[in-house]
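Here is a short tour for anyone opening this structure for the first time. Have the sequence and the 3D view side by side as you read.

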Amino acid sequence: MHCTRQSTAHQHDRLPASGRYNRPMTAQPIRAVVFDIGNTLWFVARHPDPAEIARLQAQPLRPLLAAWGIALPCPPEEIVRAVYEAGEQAERLEKERGSLREVSIPLLLRGALAVRNIEISADQANELWRATWIPERHSGVRLYPDTLDVLAALKTEGLLVGINT
């Protein structure tokens, strides 16, 4: 497998009236490939059970808050649901605005706790957020049949591989 691409013209080059560049473009070797992970390397084979996801995300909340000396006055699933609902609402608003801004889950966690009179720091919110991540296997995703073969071939060719989502 030998990959090449056509290099793009430099910004300082001007197009002549013909609309074509006067100097030939040279082929450059590809050094890296970047994938968008969702629906490129994997797909959602089955939609996860929202109650199971909430249960898994809620498990680390009470012990982590207790380690900080904070008693949770409600079931931890209630916090997870509040964050999920606030996140959906925030994403809708951002979409309506035409914004690409990502919703801050740590900020939503702080808000869900603040309305229950629990104050945590930004660092604690980030730690809670990281603690509530669950493995992708619970999210119903599966690799496409050729994903591992493609990644192995790219590695064999010595190409760098990046993942973006």
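What follows goes from the whole chain down to single residues.

## Ground rules

This is a predicted model, in which local features need pLDDT of at least 70 and side-chain atom pairs count only at pLDDT 80 or more, while totals for chains, interfaces and linings use all residues. Residues are numbered from 1 along each chain as its sequence is written, and side-chain values use heavy atoms, with hydrogens and water left out.

## The chain as a whole

The protein chain has six helices and six strands. These are DSSP runs numbered from the N terminus, with helices (H or I) of at least four residues and strands (E) of at least two. Follow the sequence and you get the pattern β-β-β-β-α-α-α-α-α-β-α-β.

Of its 165 residues, 24% count as buried; buried means under 20% relative accessible area, exposed means over 50%, and partly exposed is in between (1.4 Å probe, protein chains only). The accessible surface comes to about 12,100 Å², and 54% of that belongs to carbon and sulfur atoms. Areas like this come from the Shrake-Rupley method with a 1.4 Å probe, and for residues only the protein chains shown count as cover. Take the contacts (heavy atoms within 4.5 Å) between residues at least 6 apart in sequence: 66% of them join residues at least 24 apart.

The largest nonpolar core holds 20 residues, and Leu-65, Leu-72, Ile-79, Leu-113, Ile-120 and Leu-128 touch the most other members. H1, H2, H3, H4 and H5 each supply at least two residues of this core, with the largest share, four residues, coming from H4. A core here is a set of buried Ala, Val, Leu, Ile, Met, Phe, Trp, Tyr and Cys residues joined through side-chain atoms within 4.5 Å. Leaving aside neighbours within four places in sequence, Leu-65 is in contact with Ile-70, Leu-72, Leu-113, Ile-120 and Leu-128.

Apart from that core lies another, of five residues, among them Phe-35, Leu-41, Leu-154 and Leu-159. In soluble globular proteins, nonpolar side chains tend to be buried together.

## Where H4 meets H5

The axes of helix H4 (residues 105-114) and helix H5 (residues 122-132) come within 8 Å and cross at roughly 105 degrees. The two helices are therefore roughly perpendicular to each other, a label for angles of 65 to 115 degrees. Axes are lines fitted to C-alpha atoms, for helices over the stretch in contact, and angles run from 0 to 180 degrees between N-to-C directions.

Trp-129 sits in H5 and is partly exposed, with a relative accessible area of 27%. Beyond its neighbours within four places in sequence, Trp-129 is in contact with Ile-105, Pro-106 and Leu-109. Between H4 and H5 there is a loop, and Asn-117 lies in it. The phi of Asn-117 is near 60 degrees, a positive value in a residue other than glycine, and this residue is exposed, at 73% relative accessible area.

## A link across the sequence

Which strand holds Val-161? Val-161 belongs to strand E6 (residues 160-164) and is partly exposed, with a relative accessible area of 40%. Val-161 and Val-34 are 127 residues apart in sequence, yet 5.8 Å apart in space, C-alpha to C-alpha. Neighbours within four places aside, Val-161 is in contact with Val-33, Phe-35, Leu-151 and Leu-154.

Notes: Parallel < 35°, antiparallel > 145°, perpendicular 65-115°, else oblique.
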